[in-house]
Amino acid sequence: MTLFRNVVFVAALAGLVAGLFMAAMQAYATVPLIIQAESFEGAGAGHHHHGEEAADGHSHGEEAAEGEEGWAPADGFERFFYTSMANIVTAIGFGLVLVVVSEFAGGIAGWRQGLFWGLAGFATFALAPGLGLPPELPAMPAAELGARQTWWLATVVATGSGLALIVLRRTPALAALGLVLIAAPHIVGAPQPASFETPVPAALHHDFVVAVTVTNLLFWAVLGSVAGVLRARFADEAEAAQKSFA
Amino acid sequence: MNSSIRTFGTDVSAQSRLMQLALAGLLGLFVIGFVGFSHLEAAHNAGHDYRHSMAFPCH
């Protein structure tokens, strides 16, 4: 299981670095906008949480029962802590996927290749699904959750496969198939809410979409580059150890 | 299936390589799925700001 251990080690370290970086970026760029949008939640549409209010005005089928509020982190440090943990843990998850997929393509050889792998991750996991399902703020209407999650997942798989066909296979026919795969989810279209009416100002939402997209770009660039550096160093060291035994 | 492949500084058989990589990949997908997609109330609330900030479908 040496290979498994090496992959997990590189992904965990790269994920830790990129996740901490992402948490710091979010604390400045996205979370303040989320908190601002939450102030509109009492005003009609939207869900509720963080124990602020009783259940009323559910515009989209959240499963919480009337007046029942599950555990939620307290505002302030606790909330930031859980957001950071979620960032680090999923960054490690994204790192695992990134490293595993790149191993099948021969492995990332250094920071620059890693940067390109990171950009591919950004396109696959943030850019493509974000086109059909733009980042939402609290108090914004959205289509049924299950349908959106299905579309999100299908788009990620189609975009990732499409990019792989274009970059890793070098025939025009497969490149064309790759483009079709990338375009297909957007031709089908993402599930949209019946009404887009929201108390959240359009300018606030616009700022949020930009903040989410740019922070994701930087996150993926860091994740890929760090994974590339670690992977190269790791492979070198293992190589040297092998030689010294020979 | 038993030809040894040099990957990531280790020599592994093609079968073992596939198995180990698949295992690591599944672990990654499980982690992302749990934090980003779980319908559990507590998991949702803990990762709330994160989910919004990553544009995961939420609520």
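Student: At what angle do α1(A) and α3(A) pack?

Tutor: This is a predicted model, where local features need pLDDT of at least 70, side-chain atom pairs count only at pLDDT 80 or more, and totals for chains, interfaces and linings use all residues. Residues are numbered from 1 along each chain as its sequence is written, while chains are lettered from A and ligands numbered from 1 in the order in which they are written. Axes are lines fitted to C-alpha atoms, for helices over the stretch in contact, and angles run from 0 to 180 degrees between N-to-C directions. The axes of α1(A) and α3(A) lie 7 Å apart, and the packing angle is about 140 degrees.

Student: Which word describes how α1(A) and α3(A) lie to each other?

Tutor: Angles under 35 degrees count as roughly parallel, over 145 as roughly antiparallel, 65 to 115 as roughly perpendicular and the rest as oblique. The angle here is about 140 degrees. The two helices, α1(A) and α3(A), are therefore oblique.

Student: How many nonpolar residues are in the contact of α1(A) with α3(A)?

Tutor: Ala, Val, Leu, Ile, Met, Phe, Trp, Tyr, Cys and Pro count as nonpolar, Asp, Glu, Lys and Arg as charged, and the others, Gly among them, as polar. The contact of α1(A) with α3(A) has seven polar residues and one charged. Its nonpolar residues number 20.

Student: What pattern does chain B follow along the sequence?

Tutor: Helices (H or I, at least four residues) and strands (E, at least two) are DSSP runs, numbered from the N terminus. Chain A has seven helices and zero strands. Chain B has three helices and two strands. Read along its sequence, chain B runs β-β-α-α-α.

Student: Which element gives the most to the side of chain B that touches chain A?

Tutor: Residues are in contact if their C-beta atoms, placed from the backbone, lie within 7 Å. By that test, 34 residues of chain B meet 56 residues of chain A. Elements giving two or more residues to this side of chain B include β2 (10-13) and α2 (41-46). The most, 14 residues, come from α1(B).

Student: Which residues of chain B does V7(A) touch?

Tutor: V7(A) is among the residues with the most contacts inside the largest nonpolar core, which has 70 residues. Such a core is a set of buried Ala, Val, Leu, Ile, Met, Phe, Trp, Tyr and Cys residues joined through C-beta atoms within 7 Å; buried means 20 or more other C-beta atoms within 10 Å of a residue's own. Leaving out residues up to four places away in sequence, V7(A) touches chain A residues including L96(A) and V99(A), and in chain B F8(B), L21(B) and A24(B).

Notes
Contact = placed C-beta atoms within 7 Å. Buried ≥ 20, exposed ≤ 12 C-beta atoms within 10 Å, placed from the backbone.
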